[in-house]
Each structure stands twice: as structure tokens, then as C-alpha cells.
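Opening the notebook on a new model today.

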Amino acid sequence: MLRRAPQYLDLAGRTVAEGQTVLLVCGAANRDPAVFPDPHVLDFERPGGRHMAFGHGPHFCLGAALARLEGAIVLEALLTRLPGLLLDGTAPQWQRSFNFRGLTRLDVAFTPLADEHDRGTQTLPTDGSPQSFDRETHADGCPARPTP
């Protein structure tokens, strides 16, 4: 993100002049070991929450709540439908981008459940939850489910 400094400031020992353009790299900010313990580890229960994924202040993402909900639904479905999901030992491949950090390839292994998925057609519930999924029973077992 490009931003223009509204006034002179000292930023981590660097001088930024009033009106100077500054390039903010959110991916680097979200991986700062001074803010996030073990920034390379996916940890759903990491304390803090001061990440920059959705911006900040007047630049905060209007779709942040929807993105969080979508992420929780996807992770819950993935972890419920694919028990034993593991990396297959191949190193993840990352895209080469200055602006965004993302995967281009992530090889995984899992054991599929033997249910309606194996018998042809399937009717999906309209709320996005897996079939035969009891939210009360599985609420504590899914690390993607936000705690109230």
C-alpha cells in the first residue's frame, strides 16, 4: 500500500518527510517476530490480533467480517471432512510477489470419509455446514471455530 506521510515523523529510526510516499508491506508487518511469536507457524489461537490483513483506521476493509466468516466456514468444513489432513512432506511453494504472500502449491495427504461422497450425488445443506454435522458436538473439536 502506498501512503503519503501527513507530517514529518521518525519511524523506527528512519526519517520520513512530510508528503513523502511510503510503501507499506502488510505481509511483512504480519510476520514481525517482535509482534507475533513464531510468525511462520499457523496458530489459530495466537494471542494479539494486531495484524494488518484488513488494513487499519479509515482504510479498514469493509468486507473484513464476511472474510472472517468465510474463512471460519471453509476451515471448519475442510477439517471436518478431511480428518488427518497433513502436509505430504513436500515444501510449500510460495508465489513471488512484493505485495501479497500466498501459496501457489501446497501438497497434502488425507483419508477421505466413507459416506455420501462415495455414492455419487450429494445434497449439500444451505448453511454451508457438512452433512450430518452436529455443531453442538463438534464445536470444541474444530480449531477454526471462533470462541465466543
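My entries follow, one topic at a time.

**Confidence.** I checked this before anything else, as the model is predicted. The average pLDDT of the chain is 77, and 75% of the residues reach at least 70. Residues 128-148 are where I'd be careful: the pLDDT there is below 50.

**Fold.** I counted three helices and eight strands. Reading from the N terminus, I get the order β-β-β-β-α-α-β-β-β-β-α. Next I asked what share of the 148 residues counts as buried. That came out at 14%. For contacts with a separation of 6 or more, I find that 29% join residues 24 or more positions apart.

**Aromatic rings.** How many aromatic pairs does a search of the whole structure find? I got one. The partners are Phe54 and Phe60, with 6.5 Å centre to centre and 70° between the planes. I log the pair as edge-to-face because the cut-off for that label is over 60 degrees. Then I looked up how each ring residue sits. Phe54 has 18% relative accessibility, so I put it down as buried, the limit being under 20%. Phe60 has a relative accessible area of 41% and goes down as partly exposed.

**Second largest pocket.** What is the lining made of, in nonpolar, polar and charged residues? I noted 10 nonpolar, six polar and two charged.

**Positive phi.** Most residues other than glycine have a negative phi, so I went looking for exceptions. I wrote down Ala12, with phi near 50°. Ala12 is in the loop that links β2 (9-11) to β3 (14-16). At 81% relative accessibility, Ala12 is exposed. I also wrote down Asp38, whose phi is positive at about 50° though the residue is no glycine. Asp38 belongs to the loop between α1 (26-29) and α2 (64-81). Buried or exposed, I asked of Asp38? I have Asp38 as exposed, at 56% relative accessibility.

Technical notes
Residues numbered from 1 in each chain as written. Predicted model: local features only at pLDDT ≥ 70, side-chain atom pairs only at ≥ 80, totals over all residues. Heavy atoms only, no water. pLDDT = per-residue confidence, 0-100. Contact = heavy atoms within 4.5 Å. Phe/Tyr/Trp six-rings, centres within 6.5 Å; stacked < 30°, edge-to-face > 60°. Buried < 20%, exposed > 50% of the residue type's maximum accessible area, 1.4 Å probe, protein only. Nonpolar A, V, L, I, M, F, W, Y, C, P; charged D, E, K, R; others polar. Helix = DSSP H or I, 4+ residues; strand = E, 2+ residues; numbered from the N terminus.
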